[in-house]
Amino acid sequence: MKVYFVGAGPGDPDLLTRKAERLLRRAQVCIYAGSLVSPMVLALLPATARSYNSAGLTLEETIAIMLQARDADQDVVRLHTGDPSLYSATAEQMAALERHGIAYEVVPGVSAFQAAAATLGWELTLPETTQSVVLTRTPGRTPMPAGETLARFGRSGATLCLYLSAHTIAETAATLAVHYGADCPAAVVYRASWPDERIVRGTLADIAAKTLEAGITKTA
């Protein structure tokens, strides 16, 4: 028995890896990350698969499902959005599995920042402009480490890709404009690769107003 931490990608099932699709199609037990996982991806599960929405589960409840699957000698697909290495809380699950002696494997996926760059037609690294990409977010229910501030990243001049931050767009744009300039290109991509994907393009001077006008406050 093994637990597979599978990247569900940004939403479009065509962006799943072949390995992820194969695991989903033969899954007996699947624990998925709530409404953030596209229904089109979940539709790949067999009708006989037992599926659990982890949005309302504690870590202990999630591990209990995995232990039940172990006792039944059934593999588990633990389905996380995007790539499991980013903002997925896999580390605490892996530590628990190690304590129980349960083997696990990670199957990478396409992340939302990659899907967003693709739909924008943007290359995130340009010679003599930036050769670095910073993936970060703004503080929320989970605080940021002391040294990881937007101002500090802004001083680096790197391309910034922000997750979980649409609700702070005004403050974020104002902070970054100090370092990148008000005319720096900016974009907000809502539900990248989903059928209802939306794109807001602008600069740091106007991206906040445009995003608020579009009514985008999350999942972007």
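Helices here are DSSP runs of H or I with at least four residues, strands are runs of E with at least two, and both are numbered from the N terminus. By that count, the chain has eight helices and nine strands.

Before I go on, a word on the source. This is a predicted model, in which local features need pLDDT of at least 70 and side-chain atom pairs count only at pLDDT 80 or more, while totals for chains, interfaces and linings use all residues. Residues are numbered from 1 along each chain as its sequence is written, and side-chain values use heavy atoms, with hydrogens and water left out.

Now the overall form. The radius of gyration is taken over C-alpha atoms, and the globule rule is 2.2 Å times the number of residues to the power 0.38. For 220 residues, a compact globule would come out near 17 Å, and the chain has 19 Å, which agrees. Along the principal axes, the C-alpha atoms fill a box of roughly 60 × 35 × 35 Å.

Next, the surface. Accessible areas come from the Shrake-Rupley method with a 1.4 Å probe, and for residues only the protein chains shown count as cover. The accessible surface of the chain is about 11600 Å², and 53% of this belongs to carbon and sulfur atoms. A residue is buried under 20% relative accessible area, exposed over 50%, and partly exposed in between (1.4 Å probe, protein chains only). Of the 220 residues, 43% count as buried.

Contact means heavy atoms within 4.5 Å. Take the contacts between residues at least 6 apart in sequence: 66% of them join residues at least 24 apart.

Helix α4 covers residues 90-99, and Thr90 is in it. Why does Thr90 count as buried? Because its relative accessibility is 10%. Not counting residues up to four places away in sequence, Thr90 touches Phe5, His80 and Pro84.

Gln93 is also found in α4. With 3% relative accessibility, Gln93 counts as buried.
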